[in-house]
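Subject: Structure handover

Hello,

Here is the structure I promised to pass on. Please open it first, then read the notes below it.

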Amino acid sequence: MKFKVVISMIIILCLSVILNSESVLAYDSLTSLLEKSIEDSVKYGEIKSTLCDAYPTSEIVYKFANEDFYNEIYPIWQNDSLKVLAINKLLAKYPQTNWRRTMYQHLTFSLYNLKKEQQLLNILADFRAAFPDDYLPYYLSARYYLDLDLNPQNTLKFAEKAHEIVYKYSKLDFFPVEEWQLEKRSAPVKTAVLLAEIYFKQDNYHQAELILNHVIQNNDLGINDETNLSRCYYWSAKVFAKLNKKETAVQFAIDALIAGDSRNYYTPRADSLLRSMLEYIDLTEDEYQNFILTQSGYNNVTFSDITDNIGLANVSASRVAWGDYNGDGYQDILLDGNRLFKNMEAAKFIEVTKAAFKDTIKGNGGLWGDFDNDGDFDVVTKDPESVWLNNAGSFTKIITSNSISDNKVSTEGIGIGDVDLDGYLDIYFANYEKQYVNEEDQFFRGIGSGEFLEITARADLLPKNGKNRAGRGVNMSDFDLDNDLDIYVSNYRLTDNFLWQNDGTGHFKNTALEYGIAGEEVEGWWGHTIGSEWADVDNDGDFDLITCNLAHPRYIDFSNKTKLYINENGVFIDKRGEAGIKYEETHSEPCWADFNNDGFLDLYITSIYEGRRSFLYLNNRDGTFFDATFLAGVRHFNGWGAACADYDNDGDQDLIVAGGSIQLFQNETKGKNWILVSIQGKEHSDAIGTKIVLHNSEISLLREIQGGKGTTNQHSIVQHFGLGEIEPPFTLDVTFPNGRMKTMIINKINTVLKIKE
C-alpha cells in the first residue's frame with residue numbers, strides 16, 4: 001500500500017513539473033502519458049483528472065466528456081429522471097468543453113418530458129449563455145417556449161435570433177466535420193419552419209409565407225441529408241389555406257405527403273389537412289388517391305395494400321420468405337421461420353402452421369430449399385437452428401447425429417446454395433454477438449437427407465486475423481461469373497463485410513477489400529451493414545451490389561452510409577449519391593425487383609425504428625432513380641424484412657414488407673409485357689444458383705436464383721422479367737449450378753415458362 005502511495009506521489013510530482021513547462025508541450029506530454037497508462041486504471045484516472053483541470057476546453061477533454069456521456073446515459077436512456085441527475089453531474093464535471101452542447105440538448109429534452117418547467121427555463125438560459133453565437137440554444141428556447149405557451153415576445157425573439165444565426169455560425173472546436181455539416185444544412189429549414197409556426201400562431205400569415213418561400217427556394221439540402229422540405233410544404237399548406245388560396249394549399253399538402261419526413265410527424269398531419277380541404281368534394285378513398293396521382297402527374301406503377309382483405313390482418317413479423325411449398329403454382333409465405341400461410345390461389349392466405357408442422361416450429365427467421373433432393377421445399381430456421389423436411393405438405397424436424405441443431409448464439413443471417421457443386425445445398429449462418437462480443441460464423445456442408453457437416457474452418461471461412469464480426473446477413477451469388485457460388489456477409493458494429501470468394505473446390509478467400517466492397521474504412525471503423533443484395537442493376541450482364549447501412553448522424557464522420565456498388569468490369573464503384581438514393585439513418589433491407597415491368601430493376605429499402613419510412617426508388621434507366629414511395633402506395637413504417645413474388649400470377653411483382661405488422665402490396669401494373677420463368681433443377685429442385693439471361697437486339701436481362709437475401713428474407717425462386725413494350729422473339733439462356741446449359745427461342749410472352757434441367 002505504501003509503495004502505491006509513493007508511486008502516485010511521483011506521478012503527481014511529474015505532472016506538476018510538466019504543467020509548469022510550456023503549455024503545448026505539457027498537453028502533448030500528458031496525452032502521451034495517458035496513452036501509455038491505459039492499462040493502469042489508477043494512473044489513467046489521475047492523468048485524466050489533471051487534463052480536465054488544466055485543459056478544460058481541449059480536444060482530449062471533449063473526448064472524455066463524449067465517452068462519459070454515453071457511458072452514463074445509454075443504460076438509462078429511457079429514464080428521464082435519472083438522465084437529468086446524470087447530465088447535471090457531467091455538466092459540473094466538464095464546465096467548459098464544447099461537448100456541453102450535446103449535454104444541454106438532452107437535458108432540456110428530459111426536463112420538458114418531466115414537465116419541470118422552471119428547471120427547463122433555467123437550463124435554457126444557461127445554454128444560451130454558454131453558447132451565445134450558436135443557433136441551437138435559441139432554437140430550443142423558442143421551441144419549448146412555444147410548446148409551453150410562454151411569453152410570446154420572447155418566443156419570437158428567440159426564433160428570430162436562431163434563424164439569423166444559422167447563416168453565419170461557425171463550427172465549434174472538435175465537433176465532427178460531417179456531422180456539423182449535416183446540422184448546418186438542416187438548421188435554416190428547421191428555424192424557418194419554427195419561425196413560420198410562430199407567425200402563424202400570431203395570425204401573421206404573410207410573414208410566414210415569406211419565410212417559408214425563402215427557405216424552400218434557398219437551401220443547401222442534398223442527397224446526403226435526411227432532412228427534407230416536408231415540414232416547409234406542410235406549413236405552407238396551412239398558411240395558404242388561411243389565405244384562402246386553396247389550390248396552392250392543396251398542392252403544398254400533396255408535396256408534403258410525397259416528400260415524407262424521417263419521423264413521420266408531418267406526413268399524417270399533411271394527410272389530415274388535405275382531407276379537410278377536400279371534404280367538399282366528398283371523395284372515396286380510391287378517388288382521394290387518384291386525385292393525388294392526377295394532381296402530381298404521376299403515371300407509373302401503383303400498389304394496393306390488400307393485407308386486411310386477404311387474410312393477413314394484424315399479423316406481425318420481421319422476416320419473410322416466399323415459396324410454393326405444396327407445388328400448386330402459387331407462392332406461399334413463411335414468416336419469421338415459424339408461421340406458414342398457404343396461398344389459396346390468390347383469393348386469400350390462410351395460416352396452416354399447426355397442420356403443416358408435426359411439432360411446434362420455432363424460429364426467428366427461415367428460408368426455403370430442397371435439402372433432401374426430393375422435389376419439394378424444405379425449411380431451415382434460425383434461433384433455434386433446425387431443418388424441417390417436407391413430405392407432401394407435412395414437415396418433420398430432422399434430429400440425427402448429423403442434423404443441424406441450435407447453435408446457442410444469436411444468428412442473424414442465413415444463406416443457402418450448393419457451393420461445392422456436389423448436388424446438395426449447403427448453409428451459411430452469419431452469427432451476431434453476445435454482450436457486444438462478436439460470434440463466429442458457421443458453414444454447413446449438405447450431405448443429403450437433410451443432414452449436414454460443419455466445415456467452417458476446413459472451408460477457410462474464418463477471418464485470417466482471428467477477429468469475428470457481428471454478422472447480419474448472407475447473400476450467395478456467382479458474382480464473378482465463374483460458375484460457383486460466392487458468399488457475401490453483411491457485418492454490423494462498424495466492422496468490414498466479408499466477400500468469401502469460392503475457388504471452385506468449396507474453399508474460400510475473403511476478397512472484399514480487393515474488390516472494394518468491404519465498406520469504407522475510416523480510422524479503423526467501417527459500417528453497420530444490415531441487409532445486402534446482388535442484382536444486375538444496369539443491365540450490363542454482371543452483378544452489382546447494394547449494402548444497407550444504419551448510419552447515426554453522431555457517428556456519420558466515421559461510419560458508412562448505404563453503398564450502391566456498380567460493377568464496372570470487375571471494379572466496384574459506390575454510386576449511391578449520383579444514383580439519387582438519399583442518405584437515411586436507419587436503412588435496413590434492400591429489395592430489387594422490376595416493379596413497373598419496364599425491363600430495369602427498381603429498389604425498395606426498409607428502415608427500422610418507429611416512424612421511420614421505407615423507400616421505393618424507380619429506375620430511370622440511366623443509372624439514376626427517383627423516389628416514388630408515396631405515389632406508388634408502398635410506404636411502410638418501422639420496416640425490417642421485404643421480399644417479392646408474383647403471388648397472383650398476373651405478371652408483375654407484388655411486395656410483402658415486415659417489421660411490426662406486415663403489409664402485402666398488390667402490384668397494379670397493366671399493359672406491359674413480361675415473362676415468368678420457373679426452373680426445376682435435377683438434383684435440388686429449387687435450382688438455387690441457376691443463372692438466366694433473356695435477350696434480343698433491344699434488351700438483355702440477367703437473373704439468378706438465390707437462396708435468401710438481405711438478413712434472412714427470400715424472394716420467390718420464380719424469376720420475373722419485365723419487358724416494357726418489347727416484342728419477341730427472345731433468346732433464353734439458362735446456366736444450371738453444375739454448369740450445364742440450355743438455350744431456347746421464346747416467341748410467346750406474358751406467360752409462365754416452366755423449364756426442367
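A residue counts as buried when its relative accessible area is under 20%. Please keep in mind that this is a predicted model.

**Helix 8**

By that cut-off, helix 8 is mostly covered: twelve of its 13 residues are buried. They are Y135, L136, P137, Y138, Y139, L140, S141, A142, R143, Y144, Y145 and L146. What lies over them? The cover on the buried residues of helix 8 includes helix 6 (100-113), helix 7 (117-130), helix 9 (152-165) and helix 10. The length of helix 8 (residues 135-147) agrees with expectation: at 1.5 Å a residue it should span 18 Å, and its end C-alpha atoms are 18 Å apart.

**Helix 14**

Helix 14 covers residues 266-277, twelve in number. From first C-alpha to last it reaches 16 Å, close to the 16 Å expected at 1.5 Å a residue. Which of its residues are buried? Y266, T267, A270, L273, L274 and M277 are. The elements covering the buried residues of helix 14 include helix 10 (177-201), helix 12 (230-242), helix 13 (246-259) and helix 15 (285-296).

**Cysteines**

How many disulfides are there? The count comes to zero, with a pair of cysteine sulfur atoms required to be within 2.5 Å. C548 is in no disulfide; its nearest cysteine sulfur belongs to C591, 10 Å away. C591 is in no disulfide either. The nearest cysteine sulfur to C591 is that of C644, at 3.4 Å. C548 is buried, with a relative accessible area of 0%. C591 also counts as buried, at 0% relative accessibility.

**Cavities**

The count comes to three cavities of 30 Å³ or more. The largest cavity holds about 340 Å³ of space. It is lined by 25 residues, and the closest to its centre are W592, R703, E704, H715 and Q719. Which strands supply at least two residues each to the lining of the largest cavity? Strand 20 (528-535), strand 24 (587-593), strand 33 (700-704) and strand 34 (719-724) do.

Best wishes

Methods: Residues are numbered from 1 along each chain as its sequence is written. This is a predicted model: local features need pLDDT of at least 70, side-chain atom pairs count only at pLDDT 80 or more; totals for chains, interfaces and linings use all residues. Side-chain values use heavy atoms; hydrogens and water are left out. Helices (H or I, at least four residues) and strands (E, at least two) are DSSP runs, numbered from the N terminus. The expected span of a helix is 1.5 Å times one less than its number of residues. Buried means under 20% relative accessible area, exposed over 50%, partly exposed in between (1.4 Å probe, protein chains only). Contact means heavy atoms within 4.5 Å. On a 1 Å grid over the protein atoms alone, a cavity is a set of points where a 1.4 Å probe fits but cannot get out, and a pocket is an open set with protein on both sides within 12 Å along at least five of seven lines; lining residues have an atom within 4 Å of a point. Grid points are joined across faces, edges and corners, and a volume is the space filled by probe spheres set on the points.
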